[in-house]
Amino acid sequence: MLSWRTRRWMAFGAAALALAGAWLMLAGRPDDGTLERVRQTGVLRVGLDASFPPFEALDSGGQVTGYDADLATALAARLAARAEFVTVGYDGLYEALAANRVDVVVSSLAYDPRRTRDVAYSPAYFNAGQQLVMPAGLVTATTGTLPLTELLAGKRISVEWGSPGDMEARRLQHEAAGLRVQAFASAGEALAALLAGEADAAIFDGVALHQFSRSHPGQLSAVRQLTDESYVTATRINARSLAQAIDQALDDLRRSGALEAMETKWF
Amino acid sequence: MRPLRWLLPVLLASGLILTASLPPPQIELGPQQTVVTINPKLGVHTRLTDEVEAIKIKLTLQMVREMGARWIVEYFPWAYLEPVAGIFDWAHADLVVDHANRQGLAVIARLGMVPGWARPPDSPSSYLSTDHYPDFGRFVSAFAAHFAGRVRHLIIWNEPNLALEWGFQPISPEDYSQLLALVYRQAKVANPGVQVLAGALAPALAEPGSEWGMDDLEYLRRMYAAGASASFDALAVHAYGWLYPADDPPQPGVVNFRRVELLRQLMVEQGDSRKSIFITEGGWNDHPRWTRAVTPAERIRYTLQAYQLAQGWDWCQAVALWAFRYPWAAGSYLDYFTFVTPEFEPKPIYWEVQKYALGE
């Protein structure tokens with residue numbers, strides 16, 4: 001009869017073998033050859049829904065244009081390929097990817113943890129989430145480090161009525177004593193109130209903030225990222241080489257300042 | 001000591017097994033509620049199909065009632081309820097319907113989605129071939145019988161005038177009318193009091209012969225030509241406003257909220273003036289960048305306007321706008337149709353509709 005120590009080691013061994021088998025199964029998935037095909041054909045098929053300017057839209061000539069279009073073109077160039085756009089309704093993007101109608105989705109796509117068995121996501125390349133904004137003249141060295149409860153206590157905050165910024169502001173009212181929310185019919189009016197000194201802070205999404213900052217250079221300062229709405233690209237889970245190449249290309253674009261240049265161009 | 005060293009892991013394992021085998025906690029229905037609202041036609045499309053937690057189902061429906069909505073449209077997929085031919089699983093549907101009824105809500109049930117056993121492999125779940133029409137009819141009959149006294153209105157299929165919803169088969173109002181006739185007969189036998197809603201038609205401006213869809217006005221005309229009038233008690237319609245205010249005048253070449261009046265006119269011309277229309281999807285979207293979206297302020301205004309307009313339509317029984325809440329975020333413009341976040345946080349539009357419903 002086996003001693004309990006022997007039985008214990010046998011149990012550990014069985015568990016280790018099971019884990020190793022699982023690892024081999026997952027790690028041993030063959031690459032589906034997408035990157036190789038892209039390099040051979042010189043074409044990277046990019047799926048997007050062209051109804052989200054300034055990220056993707058159709059110009060007057062029916063051509064795809066926008067931030068994501070430029071991003072996809074730049075990614076393809078780093079793979080020694082050109083981007084071929086396949087316009088698909090947002091609901092159909094993952095199906096198009098699964099059906100191998102496209103190689104990558106670049107379409108203001110949000111990370112979805114429920115899809116990670118079938119899809120590989122890149123790191124985020126843009127965050128369109130809500131940001132707390134203050135007039136640049138009111139921001140000090142310590143503003144960014146203060147707790148929101150302290151930063152916003154007794155303050156007036158302007159938002160676009162009904163927007164996600166409005167929701168954030170209402171939530172913050174529960175945290176910051178005396179916080180007053182001023183809702184305006186448009187983001188532009190909320191901005192005007194902020195710049196006129198009728199509000200102490202405002203909440204805008206990442207794209208609106210970029211646009212407002214361009215039209216009012218030096219007047220606004222983003223103090224806190226309140227929500228996360230990060231955009232990522234997606235490839236099939238088995239297109240591992242392509243995913244790695246795209247991640248590397250994104251990193252190169254970020255380091256070279258190309259992503260920032262695209263933001264300046266489009267926002 | 002040796003026996004004790006084995007006892008602890010055994011006790012722990014036994015505890016885990018016992019806990020895992022216990023049934024989930026029962027969520028009480030609670031006392032019977034009544035919806036307080038100045039507009040008895042006010043409704044929303046809930047999305048509880050994939051909401052597995054009873055507490056979240058109850059909370060969703062409670063919030064619907066508290067918003068002032070009396071009607072809900074909910075999707076009851078055939079594929080979920082009859083996963084194996086002849087074997088029905090009503091548990092989740094019972095949960096949704098019973099909680100809805102207890103909150104004082106009237107349920108309009110959308111029926112569709114073909115189970116795998118009733119369609120070819122690798123076909124979309126909207127693919128229903130004519131040889132399986134009797135299976136769908138049998139399912140509708142079973143649904144009508146099971147929910148007699150609890151669900152009075154059934155929508156037969158969804159947007160059959162769109163290829164995507166018709167299994168990418170050639171769009172055929174005639175085939176749909178045939179399906180409707182079979183289903184109508186069987187549903188009425190199972191539950192004579194049930195109301196069968198045809199449609200729901202999607203607002204569509206498709207070119208004649210388009211492989212993607214058929215104009216909803218043309219589709220309805222051809223349904224009548226195929227004799228469908230005898231096979232439905234009311235018409236379900238989807239009324240999206242896109243970029244237009246709710247009171248934008250109806251025109252055949254425009255998709256706006258009042259397009260529903262054109263469908264109504266067609267029904268009257270066909271002698272169906274006594275039948276009602278139910279708006280079972282519709283509304284506006286306020287994504288900041290989607291090309292079919294309006295501003296959040298406009299969405300609120302147009303939504304309230306839509307509910308008010310419908311009050312004046314004596315032929316319209318309900319306006320159930322899309323969509324109250326999703327179980328999880330879609331991460332796209334779709335999220336900007338909702339009234340409440342997946343975390344049950346009411347959006348400003350929820351509060352504005354509530355104020356309206358309370359007469360404030």
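1. Strands are taken as DSSP runs of E with at least two residues, and they are numbered from the N terminus. In that sense B:Ala200 belongs to strand β5 of chain B, which covers residues 195-201. The peptide bond that leads from B:Gly199 into B:Ala200 is cis, and its omega is near -15°. This is a predicted model, and the cis bond from B:Gly199 to B:Ala200 is a feature of that model.

2. A cis peptide bond is also found in chain A, where A:Pro53 is joined to A:Pro54 with omega at about 0°. A:Pro54 sits in a loop of chain A, between β1 (43-48) and β2 (57-58).

3. On confidence, chain A has a mean pLDDT of 90, and 90% of its residues reach 70 or more. Within chain A, the lowest confidence falls in helix α1 (residues 4-27), whose mean is 59. The highest is in helix α3 of chain A (residues 67-78), at 98.

4. B:Glu159 is not a glycine, yet its phi is positive, near 45°. B:Phe168 also has a positive phi without being glycine, with a value near 60°.

5. Chain A is divided into domain 1, made of 34-127 + 230-266, and domain 2, made of 130-225. The C-alpha centres of domain 1 and domain 2 of chain A are 32 Å apart.

6. The largest nonpolar core has 177 residues, and those that touch the most other members are A:Ala202, B:Ile72, B:Leu154, B:Ile156, B:Leu197 and B:Ile279. Helix α6 of chain B (residues 173-190) provides the largest share of this core, seven residues. Both domain 1 (34-127 + 230-266) and domain 2 (130-225) of chain A contribute residues to the core, so it lies between them.

7. Which residues does A:Ala202 touch, leaving aside those up to four places away in sequence? They are A:Val133, A:Ile157, A:Ser158, A:Val159, A:Ala190, A:Leu191 and A:Leu194.

8. Helix α8 of chain A (residues 206-215) has buried residues at A:Gly206, A:Val207, A:Ala208, A:Leu209 and A:Phe212. Among the elements of chain A that cover the buried residues of α8(A) are the strands β7 (126-127), β8 (130-135), β11 (201-205) and β12 (220-225). Helix α7 (187-195) of chain A is also part of that cover.

9. How many residues does each chain bring to the contact between chain A and chain B? Chain B brings 18 residues and chain A brings 18 residues. On the side of chain B that touches chain A, α9 (296-311) and α10 (348-357) of chain B each supply at least two residues. The most comes from α9(B), with four residues. Sorted by class, the side of chain B that touches chain A holds eight nonpolar, four polar and six charged residues.

Definitions and conventions
Residues numbered from 1 in each chain as written. Chains lettered and ligands numbered in written order. Predicted model: local features only at pLDDT ≥ 70, side-chain atom pairs only at ≥ 80, totals over all residues. Contact = placed C-beta atoms within 7 Å. Nonpolar A, V, L, I, M, F, W, Y, C, P; charged D, E, K, R; others polar. pLDDT = per-residue confidence, 0-100. Domains from an automatic or database assignment. Core = buried A, V, L, I, M, F, W, Y, C linked by C-beta atoms within 7 Å. Buried ≥ 20, exposed ≤ 12 C-beta atoms within 10 Å, placed from the backbone.
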